[in-house]
Amino acid sequence: MNIKRAKQEIKDAVQAYLMKDEYGEYQIPAIHQRPILLMGPPGIGKTQIMEQISRECEIGLVAYTITHHTRQSAIGLPFIQTKIYGGKEYSVTEYTMSEIIAAVYEKIEQSGMKEGILFIDEINCVSETLAPTMLQFLQCKMFGNQSVPEGWIIVAAGNPPEYNKSVREFDVVTLDRIKRIDVEADFDVWKEYAYQVGIHSAVLSYLELRNNCFYQMETTIDGKQFATPRGWEDLSRIMEVYEKLDKNITADVVGQYIQHERIAKEFAEYYELYQKYQQDYQIAEILKGQPSEAMVKKVSHASFDERVSVVNLLFSGVRQAVRDAVLQEDVLEKVFEVLKSLKEPQEGGNLVQRLGDFVDNLRAERERKQTEGLLERREDRTIRKAVEVLEGYVTILKKEQTENWEEAFDIVKNAFGEYRASWDAVWDESGSMLEYAFDFMEAAFYNSQEMVIFVSGINTDYSCVRFLETYECERYIRYNRDLLFEDASQEIRRRIEEL
């Protein structure tokens, strides 16, 4: 199955394992809560989905890559304990607490979360000395003589033997005690994630054209050559920073992340063309509503790869504008909630002090969620920006030096009104960009496959979906209904013909 479905399967199991009866006992006793084993090729997002599940279920997460551990760190160090059995004194070997079990207790202490996921990666790639410990862990939920705390669910991940020569096969006794989920790479599913986290538009555009390059694992005379989703994401991050630093993104740079010579070289060449298309087609001018007839004619007669690249460049520009507008809307809502609670004068301090208190509370909220592992990137940016806005109001009030609550609140209210007006302008500009993009594509492509790619991108992006819940774009509604319905109909017909 793909990683999206695997995530849902794990999430369902976690929720089932943590469900309690009317007496506060777990509906499924711990002994019958099978550890979940996620098997799949490296780099497809197994660890990322565990982070997402812990945030969405609001539970803790402790993650370890077991290949980094020795037998001693996994089960603890031995020591001699004296015990009396049948009136006789014996020396007994016991173990200090496992580093991994201790990390779970530390997470409970730090976050206050008594339930969570203990995630062990590469569990079937351990050394020979640690292999029996891993079998004991899966079968008995113990490291050494310490059990995993109640309320903590075991999820493990491993690589199939074709990807790692250190893999050890589990025996039937172990496999009969686990809930196994096999997962494989899927570009369409990864694309949804890629839009959410802001993967570089050139990467997405290239993979849209070269789906087969999304995940490759080949054995050559020179060794393994591979391209993985993890590699594409990390390449995207370095590309964003390199562009800000005005550094060259060469085939050598790409090859440091996409360790497949042909794909790395091909992407580096594509990236050069992608940058060239942005200048040649004057994408910024198109999104301002100033396209030239020459550009429309040029792209309509271009190769399919070139047309798709232009569509992705247009979508990238629209998406960034929309994201900025949606972020500002989230900040406005958070700041508005603060100001609403401060409208009436309050005893014990002036408005500057009270605003400062709210700033401290927001910072504390952010730090708490970060410690608990529940802070998403979008929420992090919203809180940081809201703090920045509120601190700006504090600065204004200190400059005005007014002690009167009503006067101070009016000053803040006016400043908020200006911020709201700037958001209105950003919102309207984003809508105009979307309309201009549709204008250009209608002139160049009408209702061809390129329009399907553009509309599909909108449907996959969280911010775009949020934006279109408020902003009414008639053409988006029409193309979304007609083109995607036709696309789905063709897929259904194709599947029927294959039966």
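Modeller: Buried means under 20% relative accessible area, exposed means over 50%, and partly exposed lies in between (1.4 Å probe, protein chains only). This is a predicted model, in which local features need pLDDT of at least 70, side-chain atom pairs count only at pLDDT 80 or more, and totals for chains, interfaces and linings use all residues. Residues are numbered from 1 along each chain as its sequence is written, and side-chain values use heavy atoms, with hydrogens and water left out.

Biologist: Is Arg466 buried or exposed?

Modeller: The relative accessible area of Arg466 is 17%. The cut-off for buried is under 20%. Arg466 is therefore buried.

Biologist: Which residue forms a salt bridge with Arg466 with the closest N and O atoms 2.8 Å apart?

Modeller: A salt bridge is a side-chain nitrogen of Lys or Arg within 4 Å of a carboxyl oxygen of Asp or Glu. Arg466 lies in helix α19 and the partner in helix α14, so the pair ties together parts that are 136 residues apart in sequence; helices are DSSP runs of H or I, at least four residues, numbered from the N terminus. The partner is Asp330.

Biologist: How far apart are the closest N and O atoms of Glu329 and Arg466?

Modeller: Glu329 forms a salt bridge with Arg466. Glu329 is in helix α14 (residues 304-341) and Arg466 in helix α19, 137 residues apart. Their closest N and O atoms are separated by 3.0 Å.

Biologist: What is the relative accessibility of Asp461?

Modeller: Asp461 sits in the loop between α18 (449-460) and α19 (462-470). Asp461 counts as buried, because its relative accessibility is 0%.

Definitions and conventions
Helices (H or I, at least four residues) and strands (E, at least two) are DSSP runs, numbered from the N terminus.
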